[in-house]
Amino acid sequence: MKGRVEVIIGAQWGDEGKGRVVDCLGSRVDVFARYQGGSNAGHTVIVDGKKYVFHLLPSGMLYPGKLCVIGNGVVVDPEQLLAEIKDLQSKGMDRARLIVSGSAHVVMPYHKIIDKAQEAFRGKGKKIGTTGRGIGPAYVDKFSRCGIRIEDLFHPDVLRDKLEFNLEDKNRILTRLYNLEPLPFDEIHTQAMNWGKELAAYAGDVSRILYEALESGKTVLFEGAQGTLLDIDHGTYPYVTSSSPVAAGGCVGLGLGPNAVDRVIGVVKAYSTRVGEGPFPTEDSGELGNRLREKGGEYGATTGRPRRCGWLDMVGLKYAVRVNGMTSIALTKLDVLSGLDEISVCVAYDFEGGRLDHFTGNAGVLACATPVFERFEGWKDDIAACRNFDDLPSAAKDYVRYIEKETGVPVQLIGVGPGRDETIVRGL
Ligand code: IMP
């Protein structure tokens, strides 16, 4: 094909700063495509000093004249999507064209209620710490083949039939399992019909549109949400999200073959964070963790929850390189490490008297794994003004070179501050 596909994925537990990297690449991209997840994501984009937080819309929505698509692999909460579209319209910022796949599944009101009820009923140590956005229950319906898709919203009879079937089942679950009130059919049916009327203008065949864009030489960016270690297959199951954030998920969730992909850019935060439950070997619950959280502004864009923080986990990063076929690294928030005397990186785990050199998605093993750290000299200087690799203090350069040596992947972008231009670009 004449065009190019680049994939941006999170290499850790999400919140690596993918929106920021997409923003840096934006000018050379023609089509921005979301392929999985739903409104559990939170991309922050800052344009002309104004901050925009998207949960469902691809980050490219702020670029005039671009095409943004939401693929079949995404679960779409129409209420959230329409609110994001209206917000952009009211600010005169609806500059891109949006297409939503007719085969994307709809997050219905009962999915959000069941998500929260399941969490509330899970006993101590069993909670996932979900965002409560109905993601898991919506994917459950997709895979148990009773889900409602965007295209169903345009056909009143099909919608009625599917909704009746679903509500009968969901109301039994809500009332008998969770002691909640049943949901009224008429109200939800009317709401879903209204969503259909508003979304009809955006529906399309995303796979075909992308294929044709590539045939005509366009550059398409697959925008991953969440991160590798939250992947349903490759993450720390069951403490994962219900979709496939890994790069291959892009092909499934957008309807293109794997040979379409030219480059996989892994976004790596210079340290680690995790939000929600689940094992996190390098977590620091003390002074360092607090320092990283405050300096890095580590609070969830979707839920506002404080993120758990700790040192970079090289074992997890090498795994992310492997399962994504990563070809470039974008290293974000290097500036957050400035001012520390010493920086540590986890290079292996101690487990049951032995040494683990390879990551495992087995949450039980990870929960008992003790990180083995290698220590590096820190740097004192503020690096926000650095625009070339050679401007960085030598200890910061060593840290970046170490990441490249261990992963075998070039670090082609380095974030040195929160501003759009506070970036060192090395060929990305
Ligand atoms: P869910 O995706 O809402 O089902 O949540 C499952 C797990 O994924 C929880 O630990 C969430 O905190 C986490 N999660 C979901 N979306 C994000 C994200 O965008 N960033 C970071 N963590 C996320």
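Author: The side chains of Arg 355 and Asp 350 meet in a salt bridge, with N to O at 3.1 Å; the term stands for a side-chain nitrogen of Lys or Arg within 4 Å of a carboxyl oxygen of Asp or Glu. Asp 350 is partly exposed at 32% relative accessibility, where buried means under 20% relative accessible area, exposed over 50%, and partly exposed in between (1.4 Å probe, protein chains only). Salt bridges with shared partners also join Asp 15, Lys 269, Glu 298, Arg 307 and Lys 333 into one network.

This is a predicted model, in which local features need pLDDT of at least 70 and side-chain atom pairs count only at pLDDT 80 or more, while totals for chains, interfaces and linings use all residues. Residues are numbered from 1 along each chain as its sequence is written, and side-chain values use heavy atoms, with hydrogens and water left out.

Helices (H or I, at least four residues) and strands (E, at least two) are DSSP runs, numbered from the N terminus. Both Glu 298 and Lys 269 are buried.

Asp 169 and Arg 172 form another salt bridge, at 3.6 Å from N to O. These two residues are three apart in helix 5 (residues 156–177), and so about one helical turn separates them. Asp 169 is partly exposed, with a relative accessible area of 30%, and Arg 172 is partly exposed at 37%. Over the whole structure, the search finds 30 salt bridges.
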